[in-house]
Amino acid sequence: KPTVTLIEKEDLDKLVFPPEEVLTDASAKKERTEALHRSASLGNLEKHKVRIIFVDSESTKEVDTTIWAVTDNKVVFKGGRLIPVNRITKVLFN
């Protein structure tokens, strides 16, 4: 299991995200999309935080924060910070 580095959402701006998709399985992608939309609703309604595991150009990282919005290809956080959806491997509800 790879080591996951916990980072602050403020540090997302410094990361580089390759364009490749990290998930190969269609059902895993569907699950990710559903989890992201659910967590965006929870974030907006209840300020509920989620843990997002993702891969940047260097390693696997994790951010623990509230999702503001989800588009087809990115997840948006407070302050306009974002992670491309195709770099997210897992969404965990706290």
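Partly exposed denotes a relative accessible area between the buried limit, under 20%, and the exposed limit, over 50%. At 21% relative accessibility, Asn86 therefore counts as partly exposed. The model is predicted. The protein has one helix and seven strands. Its radius of gyration is 12 Å, which agrees with the value near 12 Å for a compact globule of 94 residues.

**Overall fold and dimensions**

- Along the sequence the elements run β-α-β-β-β-β-β-β.
- The C-alpha trace spans about 35 × 30 × 25 Å along the principal axes.
- Buried residues account for 38% of the 94 residues.
- Take the contacts between residues at least 6 apart in sequence: 63% of them join residues at least 24 apart.

**Surface and charge**

- The accessible surface comes to about 5700 Å².
- Carbon and sulfur atoms hold 52% of that surface.
- There are 16 positive and 15 negative side chains.
- The centres of these two charge sets lie 3 Å apart.

**Nonpolar core**

- The largest nonpolar core has 18 residues.
- Leu36, Ile52, Phe54, Ile67, Val75, Ile83 and Ile88 touch the most other members of this core.
- Helix 1 (26-46) supplies at least two residues of the core, and so does each of strand 2 (50-55), strand 4 (67-70), strand 5 (74-77) and strand 7 (88-93).

**Strand 2: Val50**

- Val50 lies in strand 2.
- Val50 has a relative accessible area of 0%, so the residue is buried.
- Beyond its sequence neighbours up to four places away, Val50 touches Ser39, Val63, Asp64, Thr65, Ile67, Val91, Leu92, Phe93 and Asn94.
- Val50 and Ile88 are 38 residues apart along the chain, and their C-alpha atoms are separated by 13 Å.

**Strand 3: Glu62 and Thr65**

- Glu62 sits in strand 3 (residues 60-65).
- Glu62 is buried because its relative accessible area, 12%, falls under the 20% cut-off.
- Thr65 is buried, at a relative accessible area of 4%.
- With residues up to four places away in sequence set aside, the contacts of Thr65 are Lys9, His48, Lys49, Val50 and Phe77.

- Phe77 is part of strand 5.
- Phe77 is buried, with a relative accessible area of 0%.
- Phe77 touches Lys9, Leu12, Ile52, Thr65, Thr66, Ile67, Trp68, Leu82 and Ile83, again without residues up to four places away in sequence.
- Phe77 and Thr24 are 53 residues apart in sequence, and their C-alpha atoms are 25 Å apart in space.
- Lys78 falls in the loop between strand 5 and strand 6 (82-84).
- Not counting residues up to four places away in sequence, Lys78 touches Lys9 and Trp68.
- From C-alpha to C-alpha, Lys78 and Phe93 are 18 Å apart, with a sequence separation of 15 residues.

**Loop between strand 6 and strand 7: Asn86**

- Asn86 is located in the loop between strand 6 and strand 7.
- Asn86 is partly exposed, since its 21% relative accessibility is not under the 20% limit for buried residues.
- Asn86 and Lys9 are 77 residues apart in sequence and 18 Å apart in space, C-alpha to C-alpha.

- Lys9 is among the contacts of Lys78, Phe77 and Thr65.
- Trp68 is touched by Lys78 and by Phe77.

Methods
Residues are numbered from 1 along each chain as its sequence is written. This is a predicted model: local features need pLDDT of at least 70, side-chain atom pairs count only at pLDDT 80 or more; totals for chains, interfaces and linings use all residues. Side-chain values use heavy atoms; hydrogens and water are left out. Helices (H or I, at least four residues) and strands (E, at least two) are DSSP runs, numbered from the N terminus. Buried means under 20% relative accessible area, exposed over 50%, partly exposed in between (1.4 Å probe, protein chains only). The radius of gyration is taken over C-alpha atoms; the globule rule is 2.2 Å times the number of residues to the power 0.38. Contact means heavy atoms within 4.5 Å. Accessible areas come from the Shrake-Rupley method with a 1.4 Å probe; for residues, only the protein chains shown count as cover. Lys and Arg count as positive and Asp and Glu as negative; His and the chain ends are not counted. The place of a charge is taken as NZ of Lys, CZ of Arg, CG of Asp or CD of Glu. A nonpolar core is a set of buried Ala, Val, Leu, Ile, Met, Phe, Trp, Tyr and Cys residues joined through side-chain atoms within 4.5 Å.
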